[in-house]
Every structure is written in C-alpha cells, then in structure tokens.
Amino acid sequence: MDLNQLLNALIPSWNSAALLVSFFTYLAFAGSVLPGKLVPGVALPDGTRLHYRCNGLLSLILLVALLGAGVWMEFVSPTVISDRGLELLLTTFIFSFLVTLVLYLAGCKSHDQSSSLKPHITGNIINDWWFGIQLNPHFMGIDLKFFFVRAGMMGWLLINLSVLAKCFQDADLSQSMILYQLFCVLYILDYFFYEEYMTSTWDIIAERLGFMLVFGDLVWIPLTFSIQAWWLLSNKVELTKAAAIANCFVFIIGYLVFRGANKQKHDFKKNPKVLIWGRPPKVIGGKLLASGYWGIARHSNYLGDLLVALSFSSPCGISSPVPYFYPIYLLILLIWRERRDESRCAEKYREVWAEYCKLVPWRILPYIY
Ligand code: NDP
C-alpha cells in the first residue's frame, strides 16, 4: 500500500460517519425499548443506586438478524467493515475525542452533588479529560458508560463477522479462522448473557467516564481484540490436529475459570450462604469469599480471562508476535489492575483483607504469582 492509498484508506468519509451514527442510534433505541432485566447497580457513596436494563443479548441478536436481512436484500455489504477497517477506526477515534470533549465541558459546568454526577475537577485539563470528571454521566436517560462498553463488545463481533464474510468471499476460510471466530462468538454471547455482572465491575463502579474509557471501549476493544482476525486474513497457518485440540482445551479451561470465578463472587455477594462447589462457603470477616476459585487465588478470574485471551491468539501459530498483542496487553493491564484493586480492598477491608491474603497468598496464578 503506498502513501496515497493509505491516506485514502484512513480518511473518514461521510459513509463511515453514517455507519457509526446508525450503529449508535440502533443501540440507543434497542437499549431503551427492548425488554430486559432491570438490575440495580452497587450502592454509591450517597446510598443511591443506578439501574441498568440488561437487554444486550436481545439487542445483539436483533442487530445481527437485521444486518443479515440487510445483506440478503443486498442493502448492506457483509464486508463493509473489513473493507473500511482503518477508516472506521479513525472515524471512531475522532468520535471518541469529540464526545469526551463534550463530557469534559458538561462535567465542568455541572453543579450536581449526587455521587454519580458530582464533578471531580483537578484543574489539570489533560488529566480531567483523560480520566473524566463524572462517574456515570447520562444522555437522554442512557447511561453512557454502560452504553459504550456494549457498543465496543458488539463492534468487536461485527468486525469479526465482516472479516469472516471476507473469507467466504475469497473462498479462503482456514481452520485457524474458524477456531478464532468460534471462541470469540462464545465469549461475546456469554458476556451479554451475563451482562448484569458488568454492573459490579471496576470500570462501572470506580472509573470516571473520560477519554481513557471511551477510547478503550470504542476503539481499543474492537481493534485489539480483533487483531488476530485481521492478521489471519493475510497470513496462512498450518495448524496440526493436536494444536487445534490443545487450543480448544485452553479456551474451555480459561472460560470455566473466568466465568466460574466471576459467577461465584456475584452469587456470594447476592447470598452469602450460597453453596460454592456444593459446600457452604468459607467466609472471612463475614465479607470475603475464601473458597471455590476465590480460595485458590485472589484473582483467579483474571487467570481465566488470560487463558481465554491466549486461546484467541494461539490459532495463529507462533510465526509472528502480532496476533499475541491482545493477551500481552491484557497481562499488563490485569497485573496493574490487580495492584490497584488490592490497595482498594486493603483500605476498604483492612484486617479482614490481611487475613484473606494470609489464607490465600496467591494473587493470580497459584504457586507462581
Ligand atoms: P473483579 O470482578 O475481580 O472485582 C474485584 C472486586 O471484587 C474487589 O474490588 C472487591 O469489591 C471484590 N472482591 C475481591 N475479592 C473478593 C472476595 N474474595 N470475596 C468477595 N468479594 C471480593 O474485578 P474487575 O472488575 O477488575 O474484573 C471483572 C472481570 O472483567 C474479570 O474477569 C476480568 O478479567 C475482566 N476484565 C477484562 C478486561 C479485558 O480487557 N478483557 C479488562 C478488565 C477486566 P467489593 O468492594 O465490592 O467487595
């Protein structure tokens, strides 16, 4: 690709802006009108709770069905995203920049004192724009943080489906691509099936909404999670049967640990007497779960997520580090996150946390870390 072609591929057109606006409009509409469980978020410092309508799975299925119908009626090209990948990426980047400027200005002007909207202004413009000013800003009744995470996860699936369509178009569907696509679609469907678990994650309860989160949700997630698909489009991999089976094992084990650990914690928070692996839970200080996955390592959910991330990349073989960008980035992110969460919990739970650390000394990977 020469410089001219690269610039043409990058410069946002009105078509890419229209695609993005249509996607967001659909999400806003579907999120507001489709039925879904109304889940109360965690209690905020002022005692209030936000409520989230968890209809992501239905919104996603309907979106894919509508796009499928659009493709069938030749109204939409199935390769529209894979053909315009870079351009859409830059359009989304510009959107993230603009929307976070608006969030910054709206945050600065706000006098709201509720926990979800109280402005946190340090006076350092870059810092305030990057980390955000308000915890849970909303627009026309839509919680923007929840909205952007959803858009990122659905965007990732749409990218993958479009790359898959390209493979069919070129009659070049490899075993590696099938495995990557299969693992991702299961992970994304699972994510939306358990969407209510998102309401108690760090991003939702602790991070303010600034460029870091918006860019992360809209650009970083769809791009970095799909690098393997883009890479497989132009690279051939000969995967042995044994390697393919090993890949499936890594995915299944990673998934069971990831989902199992997050589910145990979620169920325990709802009902501290819930059975964990068929036995009454081991509880420290009446607050912390110390059995099941949470008795093996203090963040075994991160270990599960890392194994799943590895399984997305390993179908690409080991000829290039490029497809491993996502698991490597996730490893760094989760180690950093674990440290931040650790100090938050140490401060919140004090001696109870110290006792938990004594009983469960491993942070993520038993006997190693
Ligand atoms: P966790 O779901 O691990 O939640 C940490 C919180 O859980 C703590 O702050 C504490 O909160 C509570 N807690 C910790 N230990 C215990 C215990 N033993 N018993 C009861 N409660 C406990 O954190 P995250 O939000 O960081 O992660 C959620 C999932 O999202 C993970 O599986 C992670 O891998 C995934 N993730 C994926 C990313 C990606 O890019 N793929 C990025 C980030 C996360 P409290 O004060 O409420 O008790």
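View 1. The model is predicted: local features need pLDDT of at least 70 and side-chain atom pairs count only at pLDDT 80 or more, while totals for chains, interfaces and linings use all residues. Residues are numbered from 1 along each chain as its sequence is written, and side-chain values use heavy atoms, without hydrogens and water. The structure holds one cavity of 30 Å³ or more.

**View 2. Residues lining the largest cavity include Gly41, Tyr52 and Asn136.** Lining residues have an atom within 4 Å of a point. The lining has six nonpolar residues, three polar and no charged; Gly is counted as polar and Tyr as nonpolar.

**View 3. The ligand is surrounded by 25 residues.** Lys269, Tyr302, Asp341, Lys348 and Tyr349 are the closest. By class, the shell holds 14 nonpolar, four polar and seven charged residues. Helix H14 (325-349) gives the largest share, nine residues.

**View 4. Side chains of Asn262, Tyr326 and Tyr349 place N or O atoms within 3.5 Å of the ligand.** For Tyr349, the distance to a ligand oxygen atom is 2.3 Å. The Asn262 side chain lies 2.9 Å from a ligand oxygen atom, and a polar side-chain atom of Tyr326 is 3.2 Å from a ligand nitrogen atom.

Note on methods:
On a 1 Å grid over the protein atoms alone, a cavity is a set of points where a 1.4 Å probe fits but cannot get out, and a pocket is an open set with protein on both sides within 12 Å along at least five of seven lines; lining residues have an atom within 4 Å of a point. Grid points are joined across faces, edges and corners, and a volume is the space filled by probe spheres set on the points. A residue is near a molecule or strand if one of its heavy atoms lies within 4 Å of it. A polar contact is a pair of N or O atoms within 3.5 Å; within protein, one must be able to donate a hydrogen and the other to accept it, and residues adjacent in sequence count only if both atoms are side-chain atoms. Helices (H or I, at least four residues) and strands (E, at least two) are DSSP runs, numbered from the N terminus.
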